[in-house]
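I opened this notebook to record what I looked up in the structure. The entries begin with the interface and then turn to one chain.

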Amino acid sequence: MSRPIRVLLVDDEALILRALGRYLRRAGFEVSTAHNGAAALDVVGAAGTPDWVITDVRMPVMDGPALVRALRGDTGPQPHILMITGHSALSDAEVGDLALAGMLQKPIDGRRIVDFIQGHGGA
Amino acid sequence: MTDRITAPASGIRAFLDSLSRDALAARLELALEGARLGIWDWDLRDDSVQFDRRWCEMLGLRHEEVRQSLESWSSRVHPDDIDGCYRDIQAHIAGETDYYENVHRMRHADGTWRYILDRGRVSGHDDDGKPIRMTGTHLDVTAFEEAKRALADKRAQMVQLVRYLPTPVAMLDRELKYIEASGRWLVEFGVGGRDWRGRACTQVLGRYDAVLGDALRHALDGRPSHCDEQPVTDGDGVTTWLRWRVHPWRTAAGAIGGVTVHLEDITADVEVRSKAIAEARLAALGIMAGGIAHEINSPLHVMMIEQGFIREELDRTPVDVDEIRASLATADDALRQARGIVRSMRALLRSGRHGDVPTCMEVSALFADIASLCSAMARALCVQFSVQSPDGLTVRGHRPQVGQILVNLVVNALDAVSGQEDGAVRLCAEEAPDGVLLKVLDNGPGISEADAERVMEPFFTTKPVGKGTGLGLSISRTLAERSGAVLALTRRAEPTEFTLSFPRVEAGAS
């Protein structure tokens, strides 16, 4: 592995960001976090497109699908996107439209995320 | 003659007897003129009738133009009245009545109908004793009849208005005897028979003397009183709720003629409302339980992540103890978050029974509890929810009920803005000159002027069927009153604002 896989975690729950962030860092990822879609776009703008965006669906200000649409509208390099869903799952059509790498249902531990990314071929 | 008129007489009969025939005729003429009486004299054998000048003028006719026959009269009587006239005349001729008397309408020359009081008597018989003449008078009583009819109509209207009133009310005289009562009153209190008017109302008033005794005395002194909800417990410990109102009524001359009493057993309504309040509490609890489940899931999720992290860390060599410590610290924070939510729920929902005593509460603490219950729902609806309260602000009331009102308002506001791009709900507190205002604001579509007048009514809702009972606000208002607060819609739109205003807490009150 030449360079660590860069992951942007997006969730409005600070404790979730803290817990998942620690897990992913310890697993060797380079992790940045944002507490909603708009903040995530700021991070992308400042630090460049990560390899993976792992985002919650429901968030204030800008929700997960809106964030993904904004990212997909960009002409630059595209991240893999993993959507973490709560009680409101997305339809298959939406998953296709948003070109998601996948969707995982809450509650979810760090291991499942790491397995998913590695199963997807990493970066 | 003049001397004789002014001369003292032993009586009117003696006086008349003393007059000459001409003088008598002149007197009679004057009297008839003054009394506005027209005279008729009917020969029953050939139906010829002598009408005098006043009889003719009463109908706008000239004496010389009127044919002296019965037909001059009968052709002018209102067709609906003529049968009654003949019936009464026949009854008199047959000897069934001492006088003939009938009020009927006659057509005046100007086309209008005049009410005529017609009176007469058989004035001649043939040798066999058979009546052959009748003599009588006409008097125009139109003004009197019209007034009488208007009065009768008015009375009929009033009686019917009272009879069909959906509330038990009675009008009593100074001796507390019935003058009038609504049908509901008669049924409710078992007042039977046809002759209840004029009967004493003691049967009802005696039963409720403890409640109404003073009120009746005050009303007879001109002071009205009322109570919207009064519990009365009988010997068996059964409580009845009464609504009553006792008001003096005045005669046209201004004297107190008696009292009007409105007395209603509203036990059923009170019970329905208590039940509705209990149900609304349950519904609010349900809404909050949903929020709480969501809210508790989140710290549980964090703990699950940290548990997985620690388990894997323990398998590593070497184990990084600092990582485990950091992980446990996050898990502790999550645990604290979960406990805070449970504590808030208990603070808000702890029994809301009538026995609760009002307490002083810190607004910021109350708001924190509400925020922890409602913010999950706000997040689920993608609504921005903010709470702000100056430090040290306190209000006095029933904490669970005040909490329920605010949760209810916040949930309504969240509903109002859900699906809106920039939906925002704000819960805030401010100090006013005479108390404390707790406000819930939202930037939703607002409330129309027509709806604004009705939002506090029971069962009024703009939510789709199945989404709200429409009881929320009306119950919230009742709960607010129990805490001495007032709930009102203070702004219809941009933002929509509901305010719960509390009076100033007296220094030293606990």
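**Interface of chain A and chain B**

I then asked which elements give two or more residues to the side of chain A that touches chain B; they are α1 (14-26) and α5 (110-119) of chain A. Helices (H or I, at least four residues) and strands (E, at least two) are DSSP runs, numbered from the N terminus. Helix α1(A) gives the largest share, eight residues. By type, the residues of this side are nine nonpolar, two polar and nine charged; Ala, Val, Leu, Ile, Met, Phe, Trp, Tyr, Cys and Pro count as nonpolar, Asp, Glu, Lys and Arg as charged, and the others, Gly among them, as polar.

I noted the basis of these values: this is a predicted model, in which local features need pLDDT of at least 70 and side-chain atom pairs count only at pLDDT 80 or more, while totals for chains, interfaces and linings use all residues. Residues are numbered from 1 along each chain as its sequence is written, chains are lettered from A and ligands numbered from 1 in the order in which they are written, and side-chain values use heavy atoms, with hydrogens and water left out.

I looked up the salt bridges (a side-chain nitrogen of Lys or Arg within 4 Å of a carboxyl oxygen of Asp or Glu). The rule finds five across this interface; one of them joins Arg18(A) and Asp333(B) at 2.8 Å, N to O.

Buried means under 20% relative accessible area, exposed over 50%, partly exposed in between (1.4 Å probe, protein chains only).

I next placed Phe116(A) in helix α5 of chain A. Phe116(A) counts as partly exposed because its relative accessibility is 21%. Beyond its neighbours within four places in sequence, Phe116(A) is in contact (heavy atoms within 4.5 Å) with Trp52(A), Leu82(A), Ala101(A), Gly102(A) and Leu104(A).
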